[in-house]
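This report describes selected packing features of the structure shown below.

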Amino acid sequence: MKIVQIDKDKWETGLQKLAETYRLFGPVPENDFHNFKELDRKQLPDLSCLNTRLSPKSVIYPQTEVMFEYSLDENQEDHHILKEVDKKYAPQAIIGIRPCDAKALALVKLNFDTPEYQDPYWLKAYEATTLVGLACESPCNSCFCTSAGCGPYHEEELDLLMIDSGDQYWAKVITDKGETFLAAAGWTHTLDEKKALKEIEAKKQAAESKISSTVITDKLRETETNALYNAPFWEEVSFSCINCGTCTYVCPTCWCFDIQDENYGSSGCRMRNWDSCMYPLFTAHGSGHNPRNTKLHRVRQRFMHKLKYYVDKYDTGIQCVGCGRCVRLCPVNIDIRRVCELMNSYAAAADACEV
Amino acid sequence: MLSYIDKIKEISTRLLQECRVDMVIGFRKGTVPMMNEPHFARSPAEVENFVWDSNCGINLCNYLTNRAEKIGILAKGCDSRNIVTHIIENKIKRDQLVIIGVPCRGMLDKRKISSMFEGEIGEVIEDDHNVTVKGNGLEKTLSKKEVLQQNCSICIHRNPVIYDELVGDLVEEQTDVDRYADVREIEALSAKEKATYFEKLLEPCIRCYACRNACPLCYCPTCFTDESRPQWVGKGQHPTDVSTFHFLRAYHCAGRCTDCGACERSCPVGINMRVFTKKLEKDCLELFEWEAGLDPDVRPPLDTYRPSDPDAFIK
């Protein structure tokens, strides 16, 4: 495991070199919060920020993405034929991605890269991206990553993990992509591995101890699906929901999209846009029937998907990385930690009844 | 306002015990600072969960739409005006409701307070006049007046306009406020400057529709954004589509908006879309001397016609 020292006074020049081969994305201020944006030349990512308002998922999976174009002009030979949009998947890097947001890509990948289907847009963008993580030293009070299969120094999906060490960053090299990135920046000063790893381990433990919020998920898998589906608490859980898409759009692990054709005069395009299971239209049938016609159905679907169906299908834990965004941003304060507790303890209660 | 809670619990318990209502709609304590969650009680025992403080900014009228039960509902000035509008628009019947009036001194602007601090806020404690904000090793006391939601700081209807019960003495209404200073500033811009202003304003929008869905006025069975025949507005993130959504939403609220601030409060990316509805509110006041939701017996100007209308074009 190689660890490279990046002196902060060489940070800017390194990024400038990188900008010659990579499109660089990083957290920058937007109004009174931060979001991941493509960095202009000479613009520096602000790595001092708390978790960004939106996750960086849109760098790989844009909210609106044109897939095909077509002509409706019958004088054209190729009218009414969908033609793939020419896309360039040039190398890009997300600098300062948090371990939770990086781990989320592993979850999303389960959907976009299956043995049967491979989503070309997501996969090509994913493959073109180098994930330069920043270990999280200042988690929010509502972060619960350590009990959601993740953590402030979690390395899954990352190519590099940077650790802030005063005047320097220490970059732990995790993949070849990460190695290439460091070389392109001209950051080559390796550290004594044993010593550095020991220090990193101590910092990691200190960071993990700052996570004060947790979810308990141990009973979710063994509980019968229908019992949870029919549990009496959904009316109370869903009452305050206004069925906006905030929780799903700010979530790094929500992957649903809708496909839409848009015509402009005699031409048009086929695009996909993020969609949300909170919207009635999400499940509206052409017949007019809607199998999830009430907000209770929709709220239940969101939590059952994240905390039960996903758990059953993949057996790798919950479909949540504990970034806490939905907790902080829900306009009416529906809290997934609370719902998870209701679901998990409902399981325990159901068990108790059987005995 | 903090002293209201005993009275709120007493009234709610009584209404439920006497079977005058099937449920009472109020708030329970939130799980993050400066947030409470809309909540209902169907039994006197459940009333214990109710809270009241300066974090009850969500408009509870939104939870009445098309409900069939008999309902007790906590109503600040703005909520009560939306209840009046709901009654006029047949979204709820007056005799289904027991309106528990809550004289209001304004709700805290969570975003404003957060932006005054580096790092995350851990706890916010309030008394009648001040809030003490703790977090990140800091502690600071602020005057509530300085950190109210902007709509609350210019509110002239803090007392409920319609109620059956009251949880405290009526408060003095503000009279020396300039409600439309911000609208006038935008009105003074050239068309081009306005376009730039709106484009910048709406740039962070992610079309989550929290503004629309937090609003009690938005109850259409199918919103124009979801219509496909014809499709009124594109679904993508093109700035034209984003602004079309916001402009049309605002127009649908013309003459109905009470400036309760639920839209702005709900926005996850901090857009002040109230500038649109406030402009229309100002126009309605100037053109029709109209303020929404003050009287259940008067129809709003944009859905009525009077032979005495002074304009010639309509005759």
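## Strand pairing in chain B

Strand β6 of chain B, residues 130-135, pairs with β7(B) in the antiparallel sense, and the pairing runs over six bridges. One of the residues involved is B:Gly135, whose bridge partner in β7(B) is B:Leu138. The model is a predicted one.

These strands belong to an open sheet of three strands in chain B, ordered β5-β6-β7, with antiparallel pairing. The edges are taken by β5 (123-126) and β7 (138-143) of chain B; each has a single partner strand, so one side of each is left without a neighbour in the sheet. On average, and with direction ignored, neighbouring strands of this sheet are turned by 20° against each other.

## Helix packing in chain B

Helix α8 (residues 239-252) and helix α10 (residues 274-288), both of chain B, have axes that come within 9 Å and cross at roughly 35°. The crossing of α8(B) with α10(B) is right-handed.

On the α8(B) side the contact is made by B:His246, B:Phe247 and B:Ala250, which meet B:Phe276, B:Thr277 and B:Leu280 of α10(B). Sorted by class, the residues of this contact between α8(B) and α10(B) are four nonpolar and two polar, with no charged residue.

## Contact between chains A and B

Chain B brings 33 residues to its contact with chain A, and chain A brings 32 residues. On the side of chain B that touches chain A, the elements giving two or more residues are β2 (36-41), α3 (110-115), α7 (210-213) and α9 (262-266) of chain B. Of these, β2(B) gives the most, with five residues.

The composition of this side of chain B is 13 nonpolar, 14 polar and six charged residues.

## Domains of chain A

Chain A is divided into domain 1, made up of 3-65 + 85-209, and domain 2, covering 225-354. The C-alpha centres of these two domains of chain A lie 27 Å apart.

In the contact between them, 25 residues of domain 1 of chain A face 22 residues of domain 2 of chain A. On the domain 1 side, β4 (64-71) and α3 (99-112) of chain A are the elements that give two or more residues. The most come from α3(A), with nine residues. By class, this side of domain 1 of chain A has 13 nonpolar, eight polar and four charged residues.

Terms used: Residues numbered from 1 in each chain as written. Chains lettered and ligands numbered in written order. Predicted model: local features only at pLDDT ≥ 70, side-chain atom pairs only at ≥ 80, totals over all residues. Axes fitted to C-alpha atoms, helices over the stretch in contact; angles between N-to-C directions. Helix = DSSP H or I, 4+ residues; strand = E, 2+ residues; numbered from the N terminus. Left-handed = near helix turned anticlockwise from the far one by under 90°. Contact = placed C-beta atoms within 7 Å. Nonpolar A, V, L, I, M, F, W, Y, C, P; charged D, E, K, R; others polar. Pairing = 2+ DSSP bridges. Domains from an automatic or database assignment.
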